[in-house]
Amino acid sequence: MNVIGWALAGAGVLAGLGVLAAVVAPRRTRPAYVGAATAGIGVAGLVMGVAALSGQAFQARLPGLLPLAGVRIEVDPLGGWFLAVTGGVLAAAALYGIGYAGGGHGPSGRGVQAALPVFAISMLLVPAAASVSTLLVWWELMALTSLLLILAEHRGRPAVAQAGWWYAALTQVGFVAILLGLLLYAAHAGGDSFADLRAAHLSPALRGVVFVLVLAGFGAKAGLVPLHVWLPRAHAEAPSPVSAMLSAAMVNLGVYGVVRVGFDLLGGGSRWWWVLVLAFGAISALYGILQAAVAADVKRLLAYSTVENMGLVFLSLGAAGIFRAAGAPVLAGLALAAALLHVLNHAAFKALLFTAAGSVLRATGTRDLDALGGLRSRMPATTVLFAIGALCAAALPPGNGFVSEWLLLQSLVHALPAGGVVTAVAMPLAVAVVALTAGLAVATFVKALGVGFFARARSEAAGAAQESPPMMLAAMGVLAAVCAGLALAPAALGPALSRAVTAATRAPAGVVGGGVSLRLAGIASTLSPLLIAVAVVVATAGTAVLLRLAARRVTRRRSVALWACGAGPPTARMQYTAASFAQPLQRVFDDVLAPETDVDVTPYAESQYLVARVAYQARVSDRVEDALYVPVIAAARRLGRLGPVLANGSVHRYLAYGFFGVTGLLLVLAVTR
Amino acid sequence: MNRTASICAAVQVVVVVAGAPLLVGLMRQVRARLEGRAGAGISQPWRDLRKLLRRAPATPTGTGWAFRLAPLLLVGTSLVLAAVVPLLTTASPLNHTADLFAVVGLLALGTVTLALAALDTGTAFGGMGASREMTILALVEPTILVAVLALSARVGSTNLAEIVTTTLNDPLRVASPASLLAAAALLIVVVAETGRLPVDNPATHLELTMIHEAMILEYAGSDLALVELAASMRLTILLGLLTSLFLPWGIAGASLAALPLALAAFGVKVAILGIGLGAAEVFIAKLRLFRVPELLAGSFVLAVLAVASSFFLA
Amino acid sequence: MTDTSYPLYLDLAAGLFLLTAVGVLWRHQLAAMIRLFALQGAALAAIVAILGVHQHSLELILVALGLGVLRAGILPYLAARALGDSAAEARETRPVVNVAASLLAAAALTLLAYAVTQPLVALAPSPATAILPAAVAVVLIGFFTLVTRRRALSQVVGFLLLDNGITATAFLAAAGVPLIVELGVSFDLLLVVLVLQVLTTRLRTAFGSSDLDELRELHD
């Protein structure tokens, strides 16, 4: 039993201890023990992942653990990549959660705390599963425990219960799709384990059906439009440590599922599958970032940004599949490497952003950007950490988002000679979508950082905020350091990335290390983020020094009142709010967003012409939800109203149902024998 | 080889820093003469910079590190861009660190720091300038990247020096429809990114019509000098990028001896482009903010047509 | 002209042909749309003339001259007269699809045209067939203009673009239509524009505007 095996066993033991601590420990210390156990599980996952990526492998079979099929575990480099990402996020978020729970914040009930270690271990076992039944069992366990975690604060806020309903419904819909697809596959393959599935021969039509079902199911978990409607609600209403885990670790498992089934088990498939993936990825990316750009609730903004980033990952996966079907394995490896790297980068900066937003929520009690502001002076460390996360999320150099986006663009830009009309039409459109998404992401995160943290406080709660306790800052600092490392030295991941891509597609990755710069195999483009960052820092510092020398005789910097074009002392209410910042974008994309405004005029009772009160409400709701889900829910309600017709209370009717059911069945049997 | 490359890059940076205010002065002088005024002379921007450097900078109450850092970072990114973009020479030590995507990213980084500084002031005009600038930045990105696709797909690399060298070796490609369409699209992009007419009026004094000027209303003294210098450097670098991509004749290789010719060629090309832009500005009016997306969508169509014609006409 | 510059001139003329169609979608002023249509007529005549010079065919050059006179001279003049002098009528203010979205649709239609005509181009690769996608794209863009613009005159300009595109496709793909068919179609176009001119003048004097959506109120 090698490192991976020991780490897995250790994770299992820690999960058990965590559940025990949740049940036994007193309320005050419960979050600390459970958090420590979860952090330990996270570290174990990280160790497993790193070991798998450096070439070790692990297989285990536990026939007794599950009835009928047993548990099969196999860790290969592809699974190892996702294990490492999940484990890292779990460790950091759990440490953050320990600090968050201090002072009575956060959930501390027995059920919720017991669910956390189980959630962690099930998230680790999904990438390690090597048979359909193992995958499905741990997937469903992960879904159930995450539902418990999301509903943690439902007594305080009614929106939490609604978020829980949406999440539960869509998770089950996704689960049914995955179940159908994989069971269909396993039935035709004659076996349950992934090895059997790989060796199976199915007709192209059947493979297409399996792929579409699996894409729907795993895409629902990853937040692919139109199955994304649970994500903004659930990630916004969950407690902040849980939000970080959901957005940065759980959605990646949807990507894992599609890569595993599409590339590894089904062996690549036909081109139309991947055109579908590319199209849905592009739509998700655009729609997600548009909704994020107009969102005023900071956690909802971050949740929609997750939809956008997962859309970009699916776009890369689609491109990889198309290139592979067109016979360009180097480009396919490059696109898949871009997808996997973006999963890692997104996990790092999204966890950082959610933990920073959680600190703000804990300190001010509000998530509304229009009520925040001025946190730069009250919470300086959190501001700097959020700024680092925002730089990475906006895909600007020298952030880490820029590196994975650069890889993706390189694979798209050099695809055109590879051929085919489909590629020639799809690639410019894909590049345009990635570019517009990147531009909108810049606008979104400038809004989040500028309106939420800079200038003056817009409400008393924001003006009275205190900096977070050191444990939370330490966890955020670790995440920021990881982001910086990924941004400046991405070439160090080259060998690990190659192994993961080769495990998925049996083709080379196309990313070559090369010291400080990132070099690509077969394409003459290089990028050196470290040197760019150093150059910018040196140039800026040099400018400061030269300025000091050139302006030597000038008197010192003065502190003056704001000029504001001579309009008098500006109040905090005169500042631009998040809604006003996003207003030009909202107007440009008016047809897509369909914002609603309501003006409610209440006159006095005595006279219709004397206005007592005017209320103005502007709202951007999720148009996909309104167009697709509201009619379905209305139809389901109408169907439900037929219920009393069937069950009207008469005992004779119920007995008659049974009688007619049995006699009808016997009649059918007799006729068809 | 490495030393000559460093010297070439250093000369490029110095030329851009020294020449940028002169370019802005030239454009203003052309505008003035065409409008019937005498104009202030080409070196007026340098005189303005000297005046501003002698004044004390001001920190308004309620601003923080974003406001203080933005002018420095803006000039810093412009200096890095001046060293990376092949204006005088294709041999720069930063050649293999940044390609066309990184150049676009660094330009965006500079704009973002200024927008954050504007939001940091907490005035309504700062917020207005920042929000408008971010909208235009978001809408310009698709055109830039699709034009980069059109330029680099033939060359097989997004490395700027490679693109310039390939164009130098095959001059007839410049007259192909793909190249002309990409040039037209990138010209509109340059106008949008540098805040010239018809997207933004750099000479306006009406705050409600400002985009770039609204973001820098609170700066004074040496801070303002840095911001103005950075804006003129970005204009010079972008016009130089246009000429390097589409009219690269005269750019030196790695030899120091060809530098004076390259300098003269660069000066002439950028001056002609600047005079053309300045003259055109006399005849155009500023577009309403909500007509700018139409202009940018039109430039996007030109870029898509460039890609389509380069791959279907090949 | 030499063999190397023939494809270049043809490409430039085709590029101008397509760009004027995009320009008609872009501009708001009806007078500018008519000027762009005239420019497109000149580009079409140039394409046919270049083909004629390359194939040393006098008939093609004469057809090109006739096309130029009709589509770059007579039709735009008549359309401009139909425009009248009233300034209130001179703009396309609120098309059914706004200008930015129309331009994106034009890009998508161009890509569609390129994708769809690939098999045709592959049948007989030559510089003339290589610009066939541009002609089909103009057909689609003209159709789109016809569908999404509100003013009667802009719809007619769209219809004329459509016909320009069909003519260009005919010349590039089939080496021209018979002269008699071309004469007949041109006569029809002339009649369309003359009738439009009379109709818009009568409409304007009777109702004050020729906005087609407002004309729907006549249906009572």
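The side chains of B:R31 and B:E35 meet in a salt bridge, with 3.5 Å from N to O, where a salt bridge is a side-chain nitrogen of Lys or Arg within 4 Å of a carboxyl oxygen of Asp or Glu. B:E35 also meets B:R37 through a salt bridge between their side chains, here at 2.7 Å from N to O. This is a predicted model, in which local features need pLDDT of at least 70 and side-chain atom pairs count only at pLDDT 80 or more, while totals for chains, interfaces and linings use all residues. Residues are numbered from 1 along each chain as its sequence is written, chains are lettered from A and ligands numbered from 1 in the order in which they are written, and side-chain values use heavy atoms, with hydrogens and water left out.

**Salt bridges**

- B:R31 is buried because its relative accessible area is 16%, given that buried means under 20% relative accessible area, exposed over 50% and partly exposed in between, with a 1.4 Å probe and protein chains only.
- B:E35, with a relative accessible area of 37%, is partly exposed, and B:R37, at 46%, is partly exposed as well.
- Elsewhere in chain B, the side chains of B:E294 and B:R291 meet in a salt bridge at 3.2 Å from N to O; B:E294 is buried, with a relative accessible area of 11%, whereas B:R291 counts as partly exposed at 24%.
- In chain A, a network of salt bridges links A:E153, A:R157, A:E237, A:D297 and A:R367.
- Over all chains, the structure holds 18 salt bridges.

**Chain C as a whole**

- Chain C has 10 helices and 0 strands, where helices (H or I, at least four residues) and strands (E, at least two) are DSSP runs numbered from the N terminus.
- Of the 220 residues of chain C, 53% count as buried.
- Among the contacts in chain C with a separation of 6 or more, 78% are accounted for by residues 24 or more positions apart, a contact being heavy atoms within 4.5 Å.
- Helix α7 of chain C (residues 132-148) has 17 residues and should span 24 Å at 1.5 Å a residue, which agrees with the 25 Å between its end C-alpha atoms; the expected span is 1.5 Å times one less than the number of residues.
- α7(C) is mostly covered, with 13 of its 17 residues buried.
- C:T20 is found in helix α1 of chain C and counts as buried because its relative accessibility is 3%; leaving aside its neighbours within four places in sequence, C:T20 is in contact with C:L36, C:L39 and C:Q40.

**Interface of chain C and chain B**

- In this interface, 20 residues of chain C are in contact with 21 residues of chain B.
- The two chains bury about 1700 Å² between them, 82% of it on carbon and sulfur atoms, where buried area is the accessible area (1.4 Å probe) that two parts lose on being put together, summed over both.
- In chain C, the residues that lose the most area to chain B are C:L19, C:W26 and C:Y114, together 28% of what that side buries.
- Across this interface the rule finds 0 salt bridges and 1 residue pair in polar contact, both residues at pLDDT 80 or more; a polar contact is a pair of N or O atoms within 3.5 Å, for which, within protein, one must be able to donate a hydrogen and the other to accept it, and residues adjacent in sequence count only if both atoms are side-chain atoms.
- The elements that give two or more residues to the side of chain C that touches chain B are α1 (5-26) and α4 (99-116) of chain C, and α4(C) gives the most, with 8 residues.

- Helix α15 of chain A (residues 380-393) has 14 residues and should span 20 Å at 1.5 Å a residue, which agrees with the 20 Å between its end C-alpha atoms.
- Buried residues of α15(A) include A:L385, A:F386 and A:C392, and what covers the buried residues of this helix includes α17 (421-453) of chain A and α3 (65-84) of chain B.
- α15(A) is followed by A:A395, whose phi is positive, near 55°.
- A:Q575 lies in the loop between β6 (558-560) and α22 (578-581) of chain A and counts as buried at 6% relative accessibility.
- A polar atom of the side chain of A:Q575 lies 2.8 Å from the backbone nitrogen of A:R456, and, not counting residues up to four places away in sequence, A:Q575 touches A:A455, A:R456, A:R458 and B:G122.
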